[in-house]
Amino acid sequence: MNNQTRWPNSQDDLVYGITGDFKAVSGCQTEGSYAFWVKLEEGNYRIKFLLGDSESASSTTIKAESRRLMVLDHVTKPGQMDTVEVVVNVRTPNIDSSNAIRLKARELDYLNWDSNLTIEVGGECPSVKAIEIEKCPDVPTIFLAGNSTVVDQEKDPWASWGQMLPLFLKPEIAVANFAESGETLRSFIAAGRLKKIESLMKPGDYLFVEFAHNDQKPGWTHVDPYTTYDEELMKFVGLSRDKGVTPVLVTSTNRRRFDNEGKILNTLEEYPESMRKLASKEGLMLIDLNAMSKTFYETLGIEGSKKAFVHYEADTFPWQEEALADNTHFSTYGAWQLAKCVVKGINESGSDLARFVKSDFGAFDPSEPDDFDSWTWPMTTDGSVTKPDGS
């Protein structure tokens with residue numbers, strides 16, 4: 001492999017390589033995080049990692065593309081070697097030979113949209129001995145349509161539940177996250193994102209839809225609950241049904257806004273209830289993330305809930321000089337817990353989708369969230385203080 005110092009989207013003349021702080025310590029262990037990348041055509045790929053070291057213990061976390069969490073803190077003892085499998089979706093913006101998603105300027109450098117599969121390896125003692133990649137076109141795909149609360153956030157410390165979801169699924173299904181910050185039902189369609197999903201859909205797939213935060217705002221994309229909101233949602237539902245795909249409606253996560261008694265204020269008006277009633281009327285699978293996020297935030301409390309959002313004092317990170325305080329967008333911890341809420345919804349839905357949840361997921365209750373101190377997330381070497389679109 002070629003040791004590289006630039007990100008893969010600037011390596012047009014190479015087929016594969018390693019970029020980042022790659023420095024072997026012993027055996028196959030490394031010091032610091034690095035990314036392996038390889039040019040691949042669009043599709044779903046099964047990746048087998050051989051993790052461990054003949055001489056030392058290891059702890060490895062693996063992210064794919066735009067920080068999708070695939071393996072979390074996999075620990076091996078000295079001499080122990082484990083094979084771990086994941087399925088990663090690789091894609092481009094192209095819909096057909098003459099049409100493509102109208103990406104926003106900030107998306108042009110996202111790893112999700114380049115011509116490579118990128119795998120980021122990190123952790124306290126990361127150790128990857130071998131990587132095997134094979135295309136798996138027949139596995140079902142979960143397509144995600146949504147806004148900044150769903151998207152694969154490109155930079156730390158921002159995160160969303162969509163990029164945490166793959167961690168909890170068996171290597172028998174892919175997650176293709178087409179959400180983007182600032183999107184609404186109407187703008188998602190206008191940008192060609194739904195058309196792109198349509199071009200990839202096949203019977204047996206799933207389409208998750210979560211919108212409301214930006215749809216409630218004034219402008220050409222505004223829709224009203226019970227009327228135009230439902231009409232736009234039905235465009236996603238109708239397309240799914242036509243394609244033999246299962247539509248799944250996800251009520252929008254609450255914003256972090258409390259009353260004086262420590263109860264979450266409903267800033268999303270009637271949109272979640274409109275979605276609930278539509279799902280009941282149409283016989284659709286519903287994941288009530290709105291209700292579960294309310295329970296989660298209230299359990300953490302007014303101050304404790306800051307841990308679930310991007311609230312950081314100045315100089316918490318080397319690239320962050322000013323304090324960050326965002327009550328809509330999640331920290332990696334918050335995204336991790338909300339993804340667990342989504343998986344809880346899958347398990348309780350009665351849907352065949354539940355068979356793809358890892359057997360060791362266990363029970364999760366948003367009123368008894370995981371302790372913040374139990375969360376580990378290897379940071380990349382850079383990040384961003386720029387707030388994602390949407391609020």
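A cavity here is a set of points on a 1 Å grid over the protein atoms alone where a 1.4 Å probe fits but cannot get out, and lining residues have an atom within 4 Å of a point. Grid points are joined across faces, edges and corners, and a volume is the space filled by probe spheres set on the points. Before you click further, note that this is a predicted model, where local features need pLDDT of at least 70, side-chain atom pairs count only at pLDDT 80 or more, and totals for chains, interfaces and linings use all residues. Residues are numbered from 1 along each chain as its sequence is written, and side-chain values use heavy atoms, leaving out hydrogens and water.

**Stop 1: the largest cavity**

Select Met70, Glu85, Val86, Val87, Pro166, Leu169, Lys170, Pro171, Ile173, Ala174, Val175 and Lys358, and you have the lining of the largest cavity. The space inside is about 80 Å³. Now color strand 7 (81-90) and strand 11 (174-177), the elements that give two or more residues to this lining. Strands (E, at least two residues) and helices (H or I, at least four) are DSSP runs, numbered from the N terminus. Strand 7 gives the largest share, three residues.

What kinds of residues line the largest cavity? Nine are nonpolar, none polar and three charged. Ala, Val, Leu, Ile, Met, Phe, Trp, Tyr, Cys and Pro count as nonpolar, Asp, Glu, Lys and Arg as charged, and the others, Gly among them, as polar.

**Stop 2: the second largest cavity**

Next, pick Arg91, Glu107, Tyr110, Asn112, Trp113, Val151, Asp152, Asn177, Ala179 and Glu180, which line the second largest cavity. Its volume is about 50 Å³. This lining has four nonpolar, two polar and four charged residues.

**Stop 3: a pair of helices**

Show helix 4 (residues 228-242) and helix 5 (residues 271-282): they pack at about 40 degrees, with axes 11 Å apart. Axes are lines fitted to C-alpha atoms, for helices over the stretch in contact, and angles run from 0 to 180 degrees between N-to-C directions. The two helices are therefore oblique to each other (under 35 degrees is roughly parallel, over 145 roughly antiparallel, 65 to 115 roughly perpendicular and the rest oblique).

Zoom in on the contact (heavy atoms within 4.5 Å): Tyr229, Asp230, Leu233, Met234 and Arg241 of helix 4 meet Tyr271, Ser274, Met275, Leu278 and Glu282 of helix 5. Six of these contact residues are nonpolar, one is polar and three are charged.

How values were computed. 1 Å grid on protein atoms, 1.4 Å probe; cavity = no way out; pocket = protein on both sides within 12 Å on 5 of 7 lines; lining within 4 Å.
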